[in-house]
Each structure stands twice: as C-alpha cells, then as structure tokens.
Amino acid sequence: MVVIGAGIVGLTTAYLLTEAGLSVTVLEARRVGRQVTGRSTAKITSQHSLIYRHLIETFDVETAKRYADANCAGINLIRQWVRELGLDCDFESKHAYAYSTGQSRIADLQFEAEAAAKVGLEAELLDSAPLPFATTGALCFKDQAQFNPAQYLIGLARAAESKGTRIFEETRVIAVDADDGWQIKTARSSVNAKHAVQATNVPIAGPVRYDRTRPRSHIAMAFHIEQEVAIDGMFIGIDEPTHSLRMGRDQDGLLLVVLGAKFNTGHEGDVAQHFVNLENWTRENFQVGDAAWRWVNEDYDTADRMPFVGQEPKAPGLYIATGFNAWGISNGTAAGILIAKQILGEQPDWASVYDPARKASKNFNKGGDSQSLVHSLDEIEAGGGAVMNLGRGKIAVCKGDDGKPHAVSASCTHEGCIVTWNNADRTWDCPCHGSIFATDGSVIHGPAVEPLPSVKLPPNWL
Ligand SMILES: Cc1cc2nc3c(=O)[nH]c(=O)nc-3n(C[C@H](O)[C@H](O)[C@H](O)COP(=O)(O)OP(=O)(O)OC[C@H]3O[C@@H](n4cnc5c(N)ncnc54)[C@H](O)[C@@H]3O)c2cc1C
Ligand code: FES
C-alpha cells in the first residue's frame with residue numbers, strides 16, 4: 001500500500017500498518033515533518049478552544065462524545081509512542097487553558113465546562129488564567145501535553161523505517177488514478193497499490209473533488225524569554241482576535257510561541273502587517289527579548305468543525321484525511337488510527353464523526369480573487385511581488401532585493417484562480433483552495449501538484 005505524505009496522518013498510518021505486517025511505501029513531496037505538522041504549535045489536547053457545546057447543539061451528545069473519544073485515542077497513542085519508541089521530541093505534560101478577556105464570554109466558558117462534563121472530559125472553571133495580563137475567566141483541561149512536532153515525526157519516521165516502511169522524500173505525487181486498485185504517479189515513475197492514502201493535508205488528486213474545506217492561514221512568532229517571566233501551560237484566547245500561547249525552546253534557550261491573526265489563505269493583501277500587530281501585542285503583554293522565529297502555517301477548516309477522514313465512498317481503496325480545523329495533532333493521529341483500522345477491515349467506535357460522506361455545506365468555500373493586482377512594474381518595490389496583465393493572461397511578478405523582476409504564471413495550476421502575493425513569506429498563495437507556491441513557481445503546499453510555469457518577460461521590462 002502507498003501513503004502519500006509524511007505528516008502526522010501519513011506517518012501514523014504508515015507505522016500502524018507496517019507494524020500490522022503490511023508492505024508500506026510513503027511518498028513525501030518535500031521532507032518528513034516540515035509542512036503543517038512541523039509548523040504547528042503542537043498542543044496535544046482534546047481542548048479545541050470551545051467545541052463540545054457546539055457539537056452537542058449542532059449534533060447531539062453522542063457525536064460530541066465520539067469526537068472526544070477519537071481525540072483521546074490520538075493523544076493516548078502519541079503518549080504511548082513517545083514512551084515506547086523513545087521519541088526525542090521535548091514532550092511535556094501541560095495544562096490547557098481556554099481564556100476570555102471580556103465579560104461577555106464568561107458564560108461561554110461555563111457552557112463549555114458543562115458540555116465537556118457531558119462527554120466525559122474533566123474541565124475546571126477558573127476566575128482567571130495564569131497569564132501576566134488581565135483575563136476574565138478560564139477553562140482548564142489538566143494534564144494535556146505539548147511537543148516539538150517536527151522532531152516527533154522525524155523520530156516516528158525512523159521507527160517506521162526500522163520496522164520496514166519505505167519512505168521516499170522529495171517525491172511529489174502528481175496523479176492518483178483508478179487502475180485495478182490505484183496507480184500513483186510521480187514525475188519519474190508510477191506505482192500500483194490496492195490501497196492509497198492521501199495524507200497530504202488536503203486531497204491532491206484522484207476521482208473525487210474535494211471542495212468542502214476552506215484554507216485558513218495563521219501567523220506565528222517565537223520570542224526569546226527569561227524563565228522568571230515564562231508562562232506555564234498552553235493557552236488559547238476565545239475572544240477575537242484570538243491568540244494562542246505556549247512555551248518552546250531553541251538552541252539559544254526558552255521561547256514564548258505566540259499565534260496571532262487568522263485569515264483565509266490568499267485573501268489578505270498585507271500579511272506582513274499582521275506580524276507587526278502580533279509583535280506589538282506580545283510586547284504589550286509579555287517581557288520578551290528578540291523575535292527569533294516567525295512563520296505562516298495553513299490548515300483546512302470544515303463547516304461543522306469536524307475533519308473528513310476515511311475511505312472515499314465513491315472510490316474504494318482510496319483514503320483521505322482533511323479539514324482538521326487547526327486541531328490535527330490529536331485529530332490527525334486519530335485519522336491515522338482510523339485509516340489503518342479501515343484498511344485492516346476494522347472500525348473504531350468513534351469513526352462516524354469523521355465520515356467523509358456526511359452532509360456538508362457546498363458554499364463553505366467561496367474562493368476569492370487575487371489581492372495583489374497592479375498595472376505597472378514600477379508599482380512593485382524591490383523584494384515585493386504583484387500580479388499584472390501580460391497579453392491575455394495574468395503573470396505573478398516578484399522582484400529580488402536588487403529590484404530585478406522574475407515572473408511565473410499567476411493562474412494556479414490546481415483550478416486556475418489568480419494567486420495573491422504573501423509579502424511576509426514571499427510566496428504566491430491561491431485564494432481558492434489554498435495552494436502555496438514559491439517565487440520560482442514550485443509547489444509548497446495545497447492541492448496543486450504542478451508548478452506555476454515560468455514566464456519570459458519582454459526585454460523592455462528588464
Ligand atoms: C498555525 C497552526 C497551528 C496549529 N496548532 C495546532 C495545535 O496546537 N494542536 C493541534 O492539534 N493542531 C494544530 N494545528 C493543526 C495541525 O498542525 C494539522 O492539522 C496537522 O498537522 C495536519 O497534519 P497532516 O498530516 O494532515 O498535514 P502535513 O503535516 O502537512 O502532512 C502532509 C504531507 O503531505 C505532503 N504532500 C503534500 N502534497 C503531496 C504530494 N502531491 N505528493 C507527496 N507528498 C505530498 C506534504 O509535503 C506534507 O509533508 C495547527 C495548525 C496551524 C495552521
Ligand atoms: S488551489 Fe484550487 S485553484 Fe488554486
């Protein structure tokens with residue numbers, strides 16, 4: 001069998017199936033653990049901001065309970081593997097807090113505490129969160145955990161390889177076709193398998209269109225901080241704009257990891273401004289040192305806030321896992337458990353919450369337009385990028401720090417939407433289904449599998 005993608009879903013599936021005696025090949029477009037999982041804040045918790053009241057009101061207590069059970073299964077497996085496989089990934093038990101800063105949301109914390117109790121999760125209401133700024137209340141899930149997600153996946157990949165999993169990095173899959181099972185094609189070769197798992201964060205190919213999810217980006221920063229003013233716990237604000245907080249570490253010492261504004265991928269014309277806002281907010285509320293790291297990460301939302309995972313009903317033998325709503329460490333591990341069990345002919349009790357065939361709003365993802373249109377090359381500053389007309393088409397032009405322009409087609413190779421310049425990451429981001437391309441046109445993330453073709457600029461533009 002073939003697993004496409006070596007993120008948390010792919011490697012969990014691969015390890016479980018290799019352990020069960022199957023022959024497993026993993027094809028990874030880039031490097032193990034470098035994509036959404038590696039860039040996540042990696043709180044390992046069943047506290048997904050406020051969700052249980054939402055699930056009870058939208059569905060029923062049983063559904064909410066199954067969601068909790070699925071995530072607890074994911075968390076337990078991570079704990080078990082960290083211990084048994086000796087995965088060196090800075091794993092630490094921590095309390096998780098959802099906190100409010102305004103009076104109007106205190107009741108929501110109380111409702112969530114009641115909902116959590118109904119699904120069998122322990123949650124304690126507090127008058128405030130243990131943070132250095134004023135909060136009006138908090139809901140604490142005790143003894144959750146955090147880890148370094150990239151190190152976890154690198155360790156899991158090694159453990160899987162030692163059991164017999166074959167992992168091929170820098171191997172992008174460009175097509176998945178039905179052919180007496182599934183034929184999985186890369187640029188250089190193809191492989192046939194009875195089971196194919198698209199663990200690519202969002203399905204990239206195959207016979208089933210997947211547009212019931214919406215891409216969402218978040219900005220994140222990590223600041224050096226002294227132990228005396230560090231925080232203890234993992235925090236998520238329930239007021240907008242939301243902030244997510246936890247501690248981390250790099251080679252120079254302790255870090256405060258702060259997550260800030262979210263926006264629909266490719267719908268934001270000035271991502272860099274969000275970093276300015278986040279740094280200002282952090283310095284107003286914490287005594288931090290230099291901003292050591294900054295990055296953007298993207299995940300996919302669903303209308304009902306539950307992922308789609310499992311065998312595609314219209315494509316037997318093809319499995320998908322998407323729509324983690326930025327809670328895919330526990331959900332993603334549960335997804336790996338579910339897919340592995342389905343391939344082995346089993347089904348966990350909680351499987352129905354992830355049913356890919358369940359009803360879903362068709363208008364959830366409305367797509368969007370490029371936010372970067374300009375009329376002339378002069379409007380693009382050195383180091384910047386924008387979209388312009390050239391002949392009948394649109395081109396995506398970015399300038400190097402020396403001011404020299406370089407162009408690729410602005411039409412996303414997935415379904416043709418016009419990309420937006422991300423002025424923080426210096427990438428081309430698609431406002432329709434969240435494909436992200438590097439300035440040379442190569443695919444970084446999302447459903448696109450082909451690069452944006454290079455465009456030769458007229459000599460008088462150079
Ligand atoms: C800012 C942010 C913070 C988050 N924080 C948390 C958190 O604290 N707790 C939590 O539970 N969740 C969190 N999440 C969500 C969680 O990180 C993700 O849901 C989860 O990591 C997704 O895992 P994945 O395996 O689906 O994706 P990925 O880790 O992206 O793995 C998919 C892999 O597939 C590969 N791939 C893609 N296309 C191809 C192709 N064509 N051929 C071959 N390989 C391909 C990619 O390169 C990648 O390695 C966060 C998300 C964001 C955006
Ligand atoms: S990601 Fe679908 S059109 Fe660009």
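Trainee: Which helices and strands each supply at least two residues of the shell around ligand 1?

Mentor: Those are α1 (8-19), β12 (213-224), β16 (291-302) and α7. Helices (H or I, at least four residues) and strands (E, at least two) are DSSP runs numbered from the N terminus. Keep in mind that this is a predicted model, where local features need pLDDT of at least 70, side-chain atom pairs count only at pLDDT 80 or more, and totals for chains, interfaces and linings use all residues. Residues are numbered from 1 along each chain as its sequence is written, while chains are lettered from A and ligands numbered from 1 in the order in which they are written.

Trainee: And which residues come nearest to ligand 1?

Mentor: Gly 5, Gly 7, Ser 40, Gly 328 and Ile 329, out of 39 residues around it. A residue is near if its C-beta atom, placed from the backbone, lies within 6 Å of the molecule.

Trainee: How does that shell split by class?

Mentor: The shell has 19 nonpolar, 14 polar and six charged residues. Ala, Val, Leu, Ile, Met, Phe, Trp, Tyr, Cys and Pro count as nonpolar, Asp, Glu, Lys and Arg as charged, and the others, Gly among them, as polar.

Trainee: Switching to helices: at what angle do α3 and α7 cross?

Mentor: Roughly 90°, with the axes of α3 (residues 61-84) and α7 (residues 330-343) coming within 7 Å. Axes are lines fitted to C-alpha atoms, for helices over the stretch in contact, and angles run from 0 to 180 degrees between N-to-C directions. By class, their contact has seven nonpolar, five polar and no charged residues.

Trainee: Now β13, buried or exposed?

Mentor: Met 234 and Ile 236 on one side of β13 (residues 234-237) and Phe 235 and Gly 237 on the other are all buried. Buried means 20 or more other C-beta atoms within 10 Å of the residue's own, with C-beta atoms placed from the backbone.

Trainee: What does β13 pair with?

Mentor: Strand β4 (residues 92-100) runs parallel to β13, joined by four bridges. Strand β14 (residues 244-250) pairs with β13 in the antiparallel sense over two bridges. Pairing takes at least two DSSP bridges between the strands.

Trainee: How many residues lie between β13 and β14?

Mentor: Six, and the two strands form a hairpin.

How values were computed:
Buried ≥ 20, exposed ≤ 12 C-beta atoms within 10 Å, placed from the backbone.
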